[in-house]
Amino acid sequence: MSRSFSASLAKCGARVVGNQLEEPVTMEDPWQRAYDFAVLVARKAGAEIRKAGESEIRVSTKSSTVDLVTKTDERVEKIIINSLKEEFGADTYSFIGEESVANGKPCVLTDKPTWIIDPVDGTTNFVHGFPFVAVSIAFAVKKELEFGVVYSCLEDKMYKARKGKGAFCDQEKIQVSDVADIHKSIIISEHGTDRSPEKVTKIFSTMQKILRIPVHGLRGSGTAATNMCLVACGSVEAFFEMGIHCWDIAAGAVIVREAGGILLDVDGGPFDLMSRRMVSANNEVIAQRIIREIEIFPVERDDAHPNGN
């Protein structure tokens, strides 16, 4: 046997024993176990949210009178983080969680494997009984998103995706729509929790301009994670928002990309998870047409305070 042939076999993990060629020894997928466990934890968290919705909901506020938080948000985040720590060890990964950050923990994405968690995406929906509430769990390694899980718990729909392996709703593979004509599109957006006159004016001015393109319609589910999944499964053509947070969109970002969609900054530049501004769309044509109408306003980055609040 030639040395070159032996070297080729070694590169692919195969080897010759006697006169027999052994099958390649495949490396275990390092993140499959974490991905599978994230799906289980999302279901567990969703069950807790449904249970809480049947009892009294105690509400407080965070950044403003319309930025709501409930005891359920805090309890569900603890359930998720504690479950992950029990399964994989307390010091193995970093965590970015919405309620942890609200309570002063830093929001910094490093090269360390990191879980990015929104325990109840759509808290206002949850408080009012509006039926779109999601658990969002994403996982990043070296600042690159590896997988995302979004459980729309009141609908009982599990959206999930791994980098390079496609996107799914439950067990069915999903794909963005093939609509390229903006006039035949549905666009989804939200107005956020900042009620300052300047920002409200720009948000609704943008919506008016998009409606006048015209498009088939503007929608909003009240949860960014769900909105991104609606793009991924082809129900709408684009979702844009400014003022969202990394935990709102991290899992959805993987799902949109794996369903064939794209992610951009609202100025048309590259998507930046920590920038708090994003356009997700089924294709470049739709995304760029929406971007032309967006009136941009300043928002503080999620990682603006690396040492916490």
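## Sheet and packed helices

Seven strands make an open sheet of mixed pairing, ordered E5-E6-E7-E8-E9-E10-E11. This is a predicted model: local features need pLDDT of at least 70, side-chain atom pairs count only at pLDDT 80 or more, and totals for chains, interfaces and linings use all residues. Residues are numbered from 1 along each chain as its sequence is written, and side-chain values use heavy atoms, without hydrogens or water.

Strands (E, at least two residues) and helices (H or I, at least four) are DSSP runs, numbered from the N terminus. Two strands pair if DSSP finds at least two bridges between them. E5 (94-97) and E11 (172-173) are the edge strands, each pairing on one side only. E5 pairs with E6 (residues 114-121) in the parallel sense, over four bridges. Ser-94 has Thr-114 in E6 as its bridge partner.

Contact means heavy atoms within 4.5 Å. Axes are lines fitted to C-alpha atoms, for helices over the stretch in contact; angles run from 0 to 180 degrees between N-to-C directions.

| Helix | Strands | Angle to E8 |
|---|---|---|
| H2 | E6, E7, E8, E9 | about 30° |
| H8 (residues 246-258) | E5, E6, E7, E8, E9, E10 | about 100° |

H2 (residues 32-53) also meets H3 (residues 71-88): their axes come within 10 Å and cross at roughly 155°. That makes H2 roughly antiparallel to H3 (angles over 145 degrees; under 35 is roughly parallel, 65 to 115 roughly perpendicular, the rest oblique). Residues in the contact include Phe-37 and Val-41 of H2, and Ile-79 and Ile-80 of H3.
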